[in-house]
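Colleague: I am new to this structure and would like to learn how to read its features. Could you walk me through them?

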Amino acid sequence: TYVNDYNMEKIKIIIADDHSVVTEGMRIILKNDSRFQLEGIYANANSVLNHLENRKVDIAILDLDMPGTENFSLLKEIKQKHTTCKVVIFTMHEGIYYFFEAIKHRADAYVLKSESITFMPTILMQTFKGIFYCSSEVKVHLSNDQETLKPIENEILDFLGQGMNY
C-alpha cells in the first residue's frame with residue numbers, strides 16, 4: 001500500500017483489456033511512474049481471476065468488453081471475491097446505462113478511452129485514495145439527461161459529486 005514518497009510500497013495494478021494498443025500505452029505510462037507496479041496485463045476474464053486468486057492487487061483497470069465475460073460479470077466477481085481491490089472501468093461506453101450499471105456493481109472509477117491516457121496516474125491515485133473519478137464526457141451526458149433520471153439516480157449523482165463512493 002502506498003505510504004509516502006520516502007517510504008513507499010508501490011501500488012499494484014493489473015490491466016484487463018484485449019486491445020494491445022490500449023495495454024501498451026498503459027504499460028508505458030505506468031512503467032514511467034515510480035508509484036505503480038504493473039503486475040500483469042490480461043486479455044480475458046479467466047486470466048484476471050486466476051491472477052487475483054494468487055496475488056493481491058490494489059487496482060484493476062478493467063475494460064467492459066472482455067472475452068470470456070458479459071459486460072459486468074467480471075466487475076461483479078472481482079468486487080465480491082476481492083473486496084480490497086479497487087476497479088477502474090476503462091471503456092468506450094459513454095452512455096448513462098453503462099455508467100449506472102458500473103456504479104451499481106461498485107466500480108471505483110469510470111474512465112472513457114477517449115480521455116487522455118496521460119491523466120491515468122492521477123486518476124489511479126484518486127481511486128487508490130477512495131475518491132470516485134468519472135470522465136467529464138460522461139458527466140455531460142448525465143447532466144443533459146437529468147430530466148429523465150430517476151430520483152434515486154439524481155441522489156447518487158449528488159453523493160458522487162460530494163466525493164462519496166457508491
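Colleague: Let's start with Asp108 and Lys79: are they buried or exposed?

Modeller: Keep in mind that this is a predicted model. A residue counts as buried when its relative accessible area is under 20%. Here both Asp108 and Lys79 are buried.

Colleague: What do the side chains of Asp108 and Lys79 form?

Modeller: To read a salt bridge, look for a side-chain nitrogen of Lys or Arg within 4 Å of a carboxyl oxygen of Asp or Glu. Asp108 and Lys79 meet in one, at 2.7 Å from N to O. Asp108 sits in the loop between α4 and β5, while Lys79 belongs to helix α3, so their pairing ties together parts 29 residues apart in sequence.

Colleague: Can you show me one within a helix?

Modeller: Gladly! Glu24 forms a salt bridge with Arg27, and their closest N and O atoms are 2.5 Å apart. The two are separated by about one helical turn, because they are 3 residues apart in helix α1 (residues 20-31). Glu24 is partly exposed, at 35% relative accessibility, and Arg27 is partly exposed too, at 27%.

Colleague: And how should I read the pair Asp58 and Lys56?

Modeller: Their side chains also meet in a salt bridge, 2.7 Å from N to O.

Colleague: Where is Glu153, and is it buried or exposed?

Modeller: Glu153 is in helix α7. Its relative accessible area is 17%, so Glu153 counts as buried. Glu153 and Phe100 are 53 residues apart in sequence, and their C-alpha atoms are 8.1 Å apart in space.

Colleague: Now for the nonpolar cores. How many residues does the largest one have?

Modeller: For a core, look for buried nonpolar residues joined through side-chain atoms within 4.5 Å. The largest one here has 32 residues, and those with the most contacts inside it include Val48, Leu62, Ile89 and Phe99. Among the elements that each supply at least two residues of this core are β1 (11-16), α2 (45-54), α3 (73-81) and α7 (151-161). There is also a second, separate core of 19 residues, including Met26, Leu30, Ile61 and Tyr133.

Methods
Residues numbered from 1 in each chain as written. Predicted model: local features only at pLDDT ≥ 70, side-chain atom pairs only at ≥ 80, totals over all residues. Heavy atoms only, no water. Buried < 20%, exposed > 50% of the residue type's maximum accessible area, 1.4 Å probe, protein only. Helix = DSSP H or I, 4+ residues; strand = E, 2+ residues; numbered from the N terminus.
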